[in-house]
Amino acid sequence: MQTTSTPTHCPYCALQCGMNLSPLPQGGVEVVERTDFPVNRGALCGKGRTAPEVLSPSVRLTSPLVRSGGTLRPASWDEALDRIAGELSRVRAAHGPDALGVFGGGGLTNEKAYTLGKFARVALGTSQIDYNGRFCMSSAAAAGTKAFGLDRGLPFPLEDVPRTGCVILVGSNLAETMPPSLRFFNELRENGGTLIVVDPRRTRTAEQADLHLMPRPGTDLALALGLLHLVVAEGRVDEEYVRERTTGWEDARAAAMAHWPEYVERITGVSVPQLRETVRLFCEPEAAMVLTARGPEQQSKGTDTVGAWINLCLATGRAGRPLSGYGCLTGQGNGQGGREHGQKADQLPGYRKLDDPAARRHVAGVWGVDPASLPGPGRSAYELLDALGTEVRSLLLMGSNPVVSAPRAAHVEERLRSLEFLAVCDVVLSETAALADVVLPVTQWAEETGTTTSLEGRVLLRRQAVTPPEGVRSDLEVLHGLAARLGVEKGFPTDPEEVFEELRRATAGAPADYSGITYRRLAEENGVFWPCPAGGGTDDCEDASLDAEPDDPARDADDSARDADDSARDSGPRAAVHPGTPRLFLDRFATPDGRARFVPVSHRPAAEEPDDEYPVLLTTGRVVAQYQSGAQTRRVDELNAAAPGPFVELHPRLADRLGAAEGDPVAVVSRRGRAVAPARITTGIRPDTVFMPFHWPGEGRANTLTNPALDPTSRMPEFKVCAVRVEAVGPQPQPQP
C-alpha cells in the first residue's frame, strides 16, 4: 500500500485547487491540505474536500453493463467493446460516417479530449463531434477571439486580482461556484480596490460587493453599452490607447451612443445614478478588470454581450496592460483545455481550425493520415443532440450527462431514447448512462494521471493516487480498444504521457502551443502557462504567446514535431526553455497587426420575452454543495444534506400573488415543459424573476424549461433567460399507511 501523500488537483471546477491525497489505514484516501499551490493555498470547498467519497466501489461503476431484454446487466469488457464496435460499424455501413456521433465533456483531461477528437475523425471518420463545454464558455471564447485574436479564459493569473483597482464581475456567483477564489476579491477590497457585481440576484458574491447592479435577465448587453455611452459622454475614453492599440473604434462608439442612460435604465432596471457610479469606480483607478461568467454568456446574444464588455475595457485602456483586462471565469474542471484540443465540432488541437488547410496538413502529419481524409466541421452541441435518432443514429458519449444538463432537456432525453445505439463512458450510472445500450466504467481523477488546464491557462498535472477497482479501465484504454476493433491498430496509445507528447507535437506553432511543456516541467514548476513553444527561451514571458509563428502552409508538420522532441531531450544547462506565458497581450494582441478589435454591437431582446401567458423570467445557476448535473455530488451524503434538492427562488411579491409560503411546492411552466419544486422566498431576487438550480433530474429538472435558442456565432443555448409562468401547486397527497 502507498504510504506517502500524492500531490494532485481537485476533480471539480476550473480553479483546479491543489490538494494532497493521503492513504488511509483501512484503504482509500483522504484529502490533506496542500499549501504550495498558489490558487487555493490549501483552502477547499466542500466538494473538493469530499471528492474521495466518489472513489468508493459502493458509489462508482465497477463493471461494464450491456442492455439485454430491456435491462442493463453486467458484462465482460470484450463483450462490451465488441458490441460497441459492431454497432458503430453497422451504422456506418448503413448510413455513412456522419451517422456516428461523439459527445465529450469539459471534465475530460487534455489527453482524453485530444484522443477523443482524433478517434472521431480518424477511427470513425465522422464530423459529428462536440462537447458539453459548448454550453459553458463558448460565447466568451468567440468574443475574445474576435477582439484579441486568441481565447484564454484569464489572460493573467488570479494573483493579479487583489492588486487592481476595480473589478466588474458580471454574472458570476463565485462564492458558491468556486469558493476558494473569493479570497482574491476580498483581498482586492482590503487593498482599497472596488468590487462591482452584476447579477439579478443578491447572491453570496453580491453580498461582498461595494456596488451591486441587479439588471433584468437578458439585458447585460444593454448595460455594457450604457456604460460605454457614459464613458464617451464624460470624456473618459483613453484616446491614446485607442489610437495606438485598437481598430474599429468609430463604429463601436456610434453603436454605444445609441444607448443613452435613461434608455438603458428602462431596459435593464439599473438606475442612471448607479450607471454613473459604476463608470466612476471603474475609470478612476489606474487599473481595472471586467470578468464574466455564465450570466452574460449563456444567452442567444452571448457573444455580442461579452463583446460589449470587452469594448468597455478597450475604450478605457483596460486590456493588455498590467493588472487590467477582460477575463472569463471558465467553469468546468478542464473547461479551458477541453476547448483547445479537438473535441469541438470545428477544431483541431491547439485551437487550430478544422477548415484551415495548413492546420489540417500539420495535424494530419502528426497523426500519419492524409489531410483529405479528415472530415470538415460538424454540428454544435445542441444541434448534434437535436439530430439524434434522425441524421445521427449512434452516439458515443464521454463525461457528460445531457439528460440533466442540456437545454430543453425533455426533448434531448427523447432524442437519446430514439437512437439506434448509445454507448456511455462514465464513473457512475448517470441519468444519461441509464438510457444506454452499453455503459463502460472508466477511471476518474485520483485513479489516473493526466493534465488539465485551469481558468488561468495554467497547464497542471493530476497524479494517480489510488489503483482503480478491478473491472475499471481508462478512457484512453477504451478508445484504444475500440479503434483496434474498427481496424485502426496504431495511433491510440493508452499511456497518458505518451498521448501528451503527441499533443505537444500537434499543437506546436498553434495558438494554444503546448510544445514546450512536459510532464517533468509540470511536476517541478507547479504548472506552466500556455502558450509555451518548444525552445526559444525569452526573458519576457509576458507576451511570449506571440513569439510562436502562425501556421505556415509551406511548413512541414514533421519539422514542428521534431523541434518539440528535440526540446524535450535537450535538458542540459544550455537548453533554451520557454518559461510559459502568465500574462498575455502586454505588448501586442494576437491579431495580424497586433491591435485589438472593437466589434460594434447593439442591444436586442432575449429570444423569448415575457408576455401575458408567460409573464415571468426564469434564470438558472448552481449552488455551493452541488456541481453541474450532480451525477457525482448527488452521491455524497454530506453534500446532499446541504443541498438535498431543487427549489424555486422567488420574490415575496410574486409569492403573495400565488398564495405560496416558504417550502410550498410551486410549478414553473415554460413553452417546453413544467418543473415543480419547493418555494424559497427572498427579497434578494428581482420581483419579475425566478431562479432554479439545475443539478437535479426528475420533476424539479430546471433544464426542462430552458430555451435552446442559439447564439449565431458561438452556438450557445440561452440557458440564462426564458419566459415562464409560476403556479401554486395544491396540497400533495400524503402516502397511505
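Trainee: Which is it for the crossing of H7 and H11, left-handed or right-handed?

Mentor: Keep in mind that this is a predicted model, where local features need pLDDT of at least 70, side-chain atom pairs count only at pLDDT 80 or more, and totals for chains, interfaces and linings use all residues. Residues are numbered from 1 along each chain as its sequence is written, and side-chain values use heavy atoms, with hydrogens and water left out. A crossing is left-handed if the near helix is turned anticlockwise from the far one by less than a right angle, and right-handed if clockwise. For H7 and H11, the crossing is right-handed.

Trainee: How does H7 lie relative to H11: parallel, perpendicular or oblique?

Mentor: Helices (H or I, at least four residues) and strands (E, at least two) are DSSP runs, numbered from the N terminus. The axes of H7 and H11 (residues 272-283) cross at roughly 70 degrees and come within 9 Å. Under 35 degrees counts as roughly parallel, over 145 as roughly antiparallel, 65 to 115 as roughly perpendicular and the rest as oblique, so H7 to H11 is roughly perpendicular.

Trainee: Which residues of H11 does H7 meet?

Mentor: Contact means heavy atoms within 4.5 Å. From H7, the residues involved are Leu223, Leu227, Leu230 and Val231. On the H11 side they meet Leu275, Arg276, Thr278, Val279 and Cys283.

Trainee: And how do the residues of that contact of H7 with H11 divide?

Mentor: Ala, Val, Leu, Ile, Met, Phe, Trp, Tyr, Cys and Pro count as nonpolar, Asp, Glu, Lys and Arg as charged, and the others, Gly among them, as polar. For the contact of H7 with H11, that gives seven nonpolar, one polar and one charged.

Trainee: How many of the 14 residues of H7 are buried?

Mentor: Buried means under 20% relative accessible area, exposed over 50%, and partly exposed in between (1.4 Å probe, protein chains only). H7 is largely enclosed by the rest of the structure, because the buried count among its 14 residues is 13.

Trainee: How far apart are the end C-alpha atoms of H7?

Mentor: The expected span of a helix is 1.5 Å times one less than its number of residues. H7 covers residues 220-233, which should span 20 Å. That agrees with the model, where the end C-alpha atoms are apart by 20 Å.

Trainee: On to another pair: how does H2 lie relative to H19, perpendicular or oblique?

Mentor: H2 (residues 77-95) and H19 (residues 475-485) pack with their axes 9 Å apart, at an angle of about 55 degrees. That makes the arrangement of H2 to H19 oblique.

Trainee: Which residues of H19 meet H2?

Mentor: H2 brings Trp77, Asp78, Leu81, Asp82, Ile84 and Ala85 to this contact. The contact of H2 with H19 divides into six nonpolar, no polar and three charged residues. From H19, the partners are Val478, Leu482 and Arg485.

Trainee: Is Glu297 buried or exposed?

Mentor: Glu297 is found in H12 (residues 294-297). With 0% relative accessibility, Glu297 counts as buried.

Trainee: What about Glu699, buried or exposed?

Mentor: Glu699 sits in the loop between S27 (689-693) and S28 (707-710). Leaving aside neighbours within four places in sequence, Glu699 is in contact with Arg674, Ala675 and Val676. Its relative accessibility is 55%, so Glu699 counts as exposed.

Trainee: What is the relative accessible area of Thr62?

Mentor: Thr62 has its place in the loop between H1 (46-49) and S4 (65-68). Among the residues it touches, beyond those up to four places away in sequence, are Pro57, Pro441 and Val472. Thr62 is partly exposed, with a relative accessible area of 29%.

Trainee: What is the phi of Arg41?

Mentor: Arg41 lies in the loop between S3 (29-32) and H1. It is partly exposed, with a relative accessible area of 43%. Although Arg41 is not a glycine, its phi is positive, at about 50 degrees.

Trainee: Last one: which residue does a cis peptide bond join to Trp530?

Mentor: The omega of this bond is about 0 degrees.

Methods:
Axes fitted to C-alpha atoms, helices over the stretch in contact; angles between N-to-C directions.
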